[in-house]
Amino acid sequence: MNMKTERENGTEYKLFLRLFAVAVLIIVAAFGQFCSQKCAGKCRNLNITTTTANISVNRCKITTMCQKRCITVACYTTNAENTEENGGEDGAETLPDEYGGFTQSIPEDVADRLPDGAFSPNAAEVGQAASEIGSVAYLFSVISDSFGASFSSLLPTFATLVSCVLLAALCHSFTSGFAISSTVSFAVKLCSFCVISATAVSSLARLESYFDSLFNAVAAFVPLSGVLMAMGGNISGAASGTATLSATLAVCEFFCAKTVIPVFCICLSLSLVTVFDGHGANAGRNLAATVKKWYSTALGFIMMILTVSIVTQSVISSKIDNAAMRGAKYAASSFIPVVGGTLSGTLGTLVSSVELLRGAVGIVGIGVILLMLIPVIIELALLRGIFSLTAFLAGSVSASGEQGLLTSISELYGYLEGIAALSAAVFIIAFAVFAASSGAVA
Amino acid sequence: MGETFFKICGIALVSAMLITALKKFGTEMSTVLKLVAGLVAAAACVASMSPVIEFIREISGIGGGRLGEYSLFLLKVLGVAITVHICATVCRDCGEPSLAGYIEIGGKVEVIILSLPYISEIIGISVGLL
């Protein structure tokens, strides 16, 4: 019985909010129209015919400003309604549907490592999961698990490479005095190159799947960030943030997913020269190093521009939204003094709850990126170590061609590590800016 | 393993002394003995390689199919190289260095033929990636 009464009260409250939103819209639009007419009239009275164009411009500006304020207020009132509508028995808030889309985009292996609360639509549980993700113990457990898993999975690769190098060295030393030793040496190097490069290329599939997962997760996060920004009254922030994140995603998708592996393959092909230890060995190695350096520098520069764009857009749009909200609140409190005061209190509560949601969702997003990145970085670092170690072994058993190739590939893994970390860092910064962004408060 | 090696050394030394002694009586016998001793020593060397071949086969099982292929290729190349070396040495002992040269060319061609799949694989990798 009591619940029914509460529900009826809630319905009345929603109706009141809707009516209030409509009233504010009408009043502020009328205020905007009144201002523009007033300005135009003043100009006509002063016989300033040349200012007709300026009046039109001003009118447009005022109308746009009024529309923005109307939208902001309408958003707040609608959010208030949604927040109440989504309220559970304990008063907990529910995340928007876009959060479900984001959690569905997370790959299974990452989802298994996330705390269970991260998949709940309940904001409080997501907040708890976010605090767990942010803890040092959790991150170290992820690192140790990833290290253990990668180490055990890469042991056969290490055994293959070591065996390959030892057999090649055996063959080289056995046939060293033979008349056809140079041909045998060529064939053995060719074969060991096939084994080593096949091992290196097979590890690229992991990197490709990492980029795919990362971009899918970020693509699913874009609408969620827009909704949460709009819920906090950051209309400009929602528009600019979504656009900037989408642009960043598109640029990263092009540069990372479509060019990293071809550049790796070009460098690998140049490393082939080092296997046959001719006069071009050093030239090939230097050319590969130059390609890597140019590519890394270009990518780093682009990522820096994107990061700066994300941060500045966030700051500027936040200021614009705050100014718009201040104006809207001023207009509301001036025309409807009593309800305007009530609205101010409601808005404060709403903004803080939406900020909480943003923080939790942003940290979960960062956690998801870290959970994708950490295993890849560890795997690449271990592969780099394995190739360096095998190169050292090849050097000590006088397999110089294999040593050159293994060293070149180990250097390439360092470059891949850098690109993987760089692509993730941009999105981590974007998510951190989103999580730290405040709602539009006057 | 060690016994075979010492047997080979013994056969080689005894054969060398006999050949030196027989050279005083006539070169034909010494040449025949040289060939027989060389072939016996080579056969003993090849026979003594069986533990090495077994070891390579064992290693090939560690890394899966790829290393198995690699070790099989290495065994074939080693086999060709040893055969070419023995045959070319025998030909030189018989006073036929030109034949030895042809055998060596044949051996090189055989090694190149064996490595053709790997050349095409490298080309395939390059085309597939770029």
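How many helices and how many strands does the secondary structure of chain A come to? Chain A has 13 helices and zero strands, where helices (H or I, at least four residues) and strands (E, at least two) are DSSP runs numbered from the N terminus. The structure is a predicted model, in which local features need pLDDT of at least 70 and side-chain atom pairs count only at pLDDT 80 or more, while totals for chains, interfaces and linings use all residues. Residues are numbered from 1 along each chain as its sequence is written, chains are lettered from A and ligands numbered from 1 in the order in which they are written, and side-chain values use heavy atoms, with hydrogens and water left out.

Of the 442 residues in chain A, 48% are buried; buried means under 20% relative accessible area, exposed over 50%, and partly exposed in between (1.4 Å probe, protein chains only). Among the contacts in chain A with a separation of 6 or more, 85% join residues 24 or more positions apart, a contact being heavy atoms within 4.5 Å.

Leaving aside neighbours within four places in sequence, Ser317(A) is in contact with Ser236(A), Gly237(A) and Ser240(A). A polar atom of the Ser317(A) side chain lies 2.6 Å from the backbone oxygen of Gln313(A).

The account now turns to the interface. In chain B, 30 residues are in contact with 30 residues of chain A. The size of an interface is often given as the accessible area lost when the parts come together. Between chain B and chain A, the buried area (accessible area lost with a 1.4 Å probe, summed over both parts) is about 2,800 Å², and carbon and sulfur atoms give 87% of that area. On the side of chain B that touches chain A, the elements giving two or more residues are α3 (50-60), α4 (65-93) and α5 (97-129) of chain B. The residues of this side divide into 21 nonpolar, five polar and four charged, with Ala, Val, Leu, Ile, Met, Phe, Trp, Tyr, Cys and Pro taken as nonpolar, Asp, Glu, Lys and Arg as charged, and the others, Gly among them, as polar.

As to confidence, the predictor gives the complex an ipTM of 0.79 and a pTM of 0.73. Chain B has a mean pLDDT of 82, and 89% of its residues reach 70 or more; pLDDT is the predictor's confidence in each residue, from 0 to 100. Within chain B, confidence is lowest in α3(B), at a mean of 78, and highest in α5(B), at 85.

Definitions and conventions. Buried area = accessible area lost by both parts, 1.4 Å probe. Polar contact = N/O pair within 3.5 Å; in protein donor to acceptor, adjacent residues only side chain to side chain.
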